[in-house]
Amino acid sequence: MKSITPIIFLLATVCSSCSSTIKKIFGGDKTPHEEYAEKLEDKKLDDTPEGRAWLAASKLALENPHAIQLPYRQNGYFQMDKPRSLGLKFHAKQGERLTFSFNKSYRTAFVLYADLFKAGDIDATPVLSADTSQLQFSFDVDQTADYILRLQPELFRAGEYSLSISVGPSLGFPVSHSKSNVGSFWGAARDGGRRSHEGIDIFAPKGSPAIAAADGYVTGLREEGIGGKTVWLRAEGKNYTLYYAHLDKQLVREGEFVKKGQVVGLVGNTGNAKHTASHLHFGVYTSGGPVDPLPFVNKNIKTASGVPNKSLAVSLKLVKAKKAGNDLIAANTILVPLAVTSNAYIAELPGGKTIRLSFNEVKAVKQETKTLLTALK
């Protein structure tokens, strides 16, 4: 793709409970994809071969998604010979912030609907949606699970685009010092293996600022027990509480509202850390108990490597027969490329399912010219 211009795209992301958010944006409970499907129905297109194929493609993408790993990047192309949709399935951890970035290369209007579902719950209505021409949208993962991103253009539309998904923290880092580092991780053995570490230890010089990783209310201060001087901070609008332990000093009051980045205490070694180097024990507690806090605050933002410049306005011919699940794809089978990643194509099999093919497994051939109507006859 030689020239990149902004995509007009509509993102519907699924989280745990946001029906009120949909009403706030749209004035109703429909996602952009669902609203477009209703327009097809209003225009009597849902009962045409083209309309039925579009709806079937959107369902197939969720039922047979293509597995990927984050971070991720692809260049994609939806051809106009028939309706298509692409599902991308990936695993995400609670506390991560996923950032979806889109671009397109055609000057013509190209609306791309993007919906993020939790795998295993694909019939649920997306509960966080946006209808905008912005290029980036973020999703804070509030449950470790597999997710499916479905991409689909409007009927009778073709277009080329690029997609990248980066992975970063949803909270700020809780220690403000250039030499601070995470030195002990979730699950490490404690007390000779009698218990496991329910947080992470961030080592820093004594007196370093321990800061609020999010806006929220101070719900508790303690000065005894294994945690020594501690601060409990309920993150605003979230279903978890942040725990700061082994502090040398507490600099907030119970009930106080603090802003992200505000100092809540000073790093120390109180409690059962009196014989260790100064550090902050940082934890995240939900109603179900503690969870690994590292994905919430990991400063290492993960981005995918680049994608080679390969044309997708072609057909792909399989060089040798290939096993795909229980099926054997014959040599010389013609496939439709849907996307190209850093080291492979994502291609459509004749039955509509997708397959990953390395570059040396296929040969690009000239595309046959078809219209949408003749392809659907």
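K299 lies over the face of F173, 4.2 Å from the ring centre. A charge counts as sitting over a ring if NZ of Lys or CZ of Arg is within 6 Å of the ring centre and within 35 degrees of the ring normal. K310 is placed in this way over F359, at 4.6 Å from the ring centre. The model is a predicted one, in which local features need pLDDT of at least 70 and side-chain atom pairs count only at pLDDT 80 or more, while totals for chains, interfaces and linings use all residues. Residues are numbered from 1 along each chain as its sequence is written, and side-chain values use heavy atoms, with hydrogens and water left out.

The structure holds 12 aromatic pairs, where rings of Phe, Tyr and Trp (its six-membered ring) pair if their centres lie within 6.5 Å, and planes under 30 degrees apart count as stacked, over 60 as edge-to-face and the rest as tilted. The pair of F139 and Y147 is edge-to-face because the planes stand at 70°, with 5.7 Å between the ring centres. Both F139 and Y147 are buried (buried means under 20% relative accessible area, exposed over 50%, partly exposed in between, with a 1.4 Å probe and protein chains only). Y345 and F359 form an edge-to-face pair as well, at 5.3 Å centre to centre and 85° between the planes. This pair links distant parts of the chain, 14 residues apart: Y345 belongs to strand β27 (residues 344–348), and F359 to the loop between β28 (354–358) and β29 (362–365). Strands (E, at least two residues) and helices (H or I, at least four) are DSSP runs numbered from the N terminus. Y345 has 6% relative accessibility and so counts as buried, whereas F359, at 25%, counts as partly exposed. Elsewhere, Y36, W54 and Y113 form one aromatic cluster.

Next come the charged pairs. Side chains of opposite charge can pair when their charged atoms come close. With a salt bridge taken as a side-chain nitrogen of Lys or Arg within 4 Å of a carboxyl oxygen of Asp or Glu, the count comes to 12 salt bridges. D115 and R150 meet in one of them, at 3.3 Å from N to O. Their bridge joins strand β6 (residues 111–118), which holds D115, to strand β9 (residues 145–153), which holds R150, across 35 residues of chain. D115 is buried at 2% relative accessible area, and R150 is buried at 7%.

Another salt bridge pairs D140 with R97, at 2.7 Å from N to O. Here D140 in strand β8 (residues 136–140) is linked to R97 in strand β5 (residues 96–104), 43 residues apart. D140 is partly exposed at 23%, as is R97 at 31%. R52 and D47 also bridge, with 3.4 Å from N to O; R52 is partly exposed at 44%, while D47 is exposed at 58%.

Finally, the second largest pocket has 18 lining residues, of which R195, I226, H246, N272 and H281 lie nearest its centre. The elements giving two or more residues to this lining are β13 (195–196), β14 (200–203), β18 (240–250) and β21 (279–286). A pocket is an open set of points on a 1 Å grid over the protein atoms alone, where a 1.4 Å probe fits, with protein on both sides within 12 Å along at least five of seven lines; lining residues have an atom within 4 Å of a point.
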